[in-house]
Amino acid sequence: MMRVLLSAMSLISCSLLLGLHGQLQPAGVELDPDQPRQYFEVGELAAAKASRKDDLDKARQVLAMGVVLAERQNDRQTASSCCIAIAKTHGDDPWISQQLWDLALQLDPSRLVQWAEHRRMGGGQMLRRDAAECIRLARTAEYADAKALLDRRGVEDQIRQTAQRLGYNPGEIVSSLRRQVSHTGRDPCNGNYFDAQVENGQSVRRVCREHAYPIGTAESLSMLRQYLAIENACVNDGSELADWGGASAMGQQEALRDPSIRWLVSTYGIDPARPALRNGRWVSSP
């Protein structure tokens with residue numbers, strides 16, 4: 001009897017995996033909004049099987065919907081499990097992974113040991129450091145080095161993600177950086193603010209004309225503040241911001257962002273009013 005049950009379970013798992021590619025939902029299998037555990041099981045399998053971004057995005061949506069449905073039914077363990085399953089798909093984005101682990105702990109405090117073990121920042125430290133260095137080099141007119149970093153795989157995405165997290169427009173930030181690092185030419189002032197010139201027998205200091213902006217700045221004061229906030233966020237060190245002025249300039253006066261179900265819904269673009277998946281589309285009922 002046990003052998004028959006195991007064989008049946010294997011066949012079900014195989015049929016799920018075979019149907020996950022493309023439409024994600026296997027033929028003949030309906031996700032029941034009254035059974036959130038199904039969303040966890042199907043979404044986790046889909047994420048493991050996904051070979052394309054579209055497939056992975058759909059798997060994340062299934063898991064996110066599982067969080068919403070399980071939380072509604074007060075099944076906090078399943079809701080938490082769905083959060084953790086999504087977090088595992090974001091290995092290249094430590095920040096969003098942290099948010100998901102925080103939400104998992106909020107939903108199920110018994111996950112404290114797992115949270116403490118897995119929430120820590122991992123391999124993204126080098127990428128964040130490169131992103132911060134890219135912005136610093138752009139500000140200090142070391143354009144060639146800044147451009148080389150900006151063109152390095154993952155650095156631009158890291159800057160975009162950090163800008164998004166801080167509430168800035170990622171497109172504007174990157175466009176500004178691209179414009180700034182495109183400037184080339186001689187640096188007669190050797191990195192100083194002023195270029196000394198002789199007029200009427202006297203030495204006069206003028207702002208270096210070889211730079212589009214004074215060294216250490218950006219296109220505007222607003223953009224400079226955003227640059228500095230992104231640098232600070234990437235190096236993950238606000239310990240030196242002891243005065244309120246520095247904290248304000250770096251955007252550190254903002255309230256702590258606690259992840260919530262609403263944040264999850266917005267992040268993964270799901271509609272709780274359409275919890276059923278039919279032929280790859282979210283609908284209101286099976």
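**Helix packing and the nonpolar core**

Author: The buried residues of α13 pack against α3, α4 and α5. The model is a predicted one, in which local features need pLDDT of at least 70, side-chain atom pairs count only at pLDDT 80 or more, and totals for chains, interfaces and linings use all residues. Residues are numbered from 1 along each chain as its sequence is written, and side-chain values use heavy atoms, with hydrogens and water left out.

Reader: Which residues of α13 are buried?

Author: Trp 263, Leu 264, Val 265 and Tyr 268 of α13 are buried. Buried means under 20% relative accessible area, exposed over 50%, and partly exposed in between (1.4 Å probe, protein chains only). Helices are DSSP runs (H or I, at least four residues), as strands are (E, at least two), numbered from the N terminus.

Reader: What does Leu 264 touch?

Author: Not counting residues up to four places away in sequence, Leu 264 touches Ala 64, Val 67, Ile 86, Leu 100 and Leu 103. Contact means heavy atoms within 4.5 Å.

Reader: What makes a set of residues a nonpolar core?

Author: The set must consist of buried Ala, Val, Leu, Ile, Met, Phe, Trp, Tyr and Cys residues joined through side-chain atoms within 4.5 Å. The largest such core has 32 residues, of which Tyr 39, Val 67, Ile 86, Leu 100, Leu 264 and Tyr 268 touch the most other members. Two or more residues each come from α2 (36–49), α3 (53–72), α4 (76–87), α5 (94–107) and α13 (261–268). The largest share, eight residues, is that of α3.

Reader: Why are α3 and α13 called roughly antiparallel?

Author: Their axes come within 10 Å and cross at roughly 155°. Axes are lines fitted to C-alpha atoms, for helices over the stretch in contact, and angles run from 0 to 180 degrees between N-to-C directions. Angles under 35 degrees count as roughly parallel, over 145 as roughly antiparallel, 65 to 115 as roughly perpendicular and the rest as oblique. Therefore α3 is roughly antiparallel to α13.

Reader: Where is Asn 74, and why does Asn 74 count as exposed?

Author: Asn 74 lies in the loop between α3 and α4. Because its relative accessibility is 56%, Asn 74 counts as exposed. Although Asn 74 is not a glycine, its phi is positive, about 60°. Most residues other than glycine have a negative phi.
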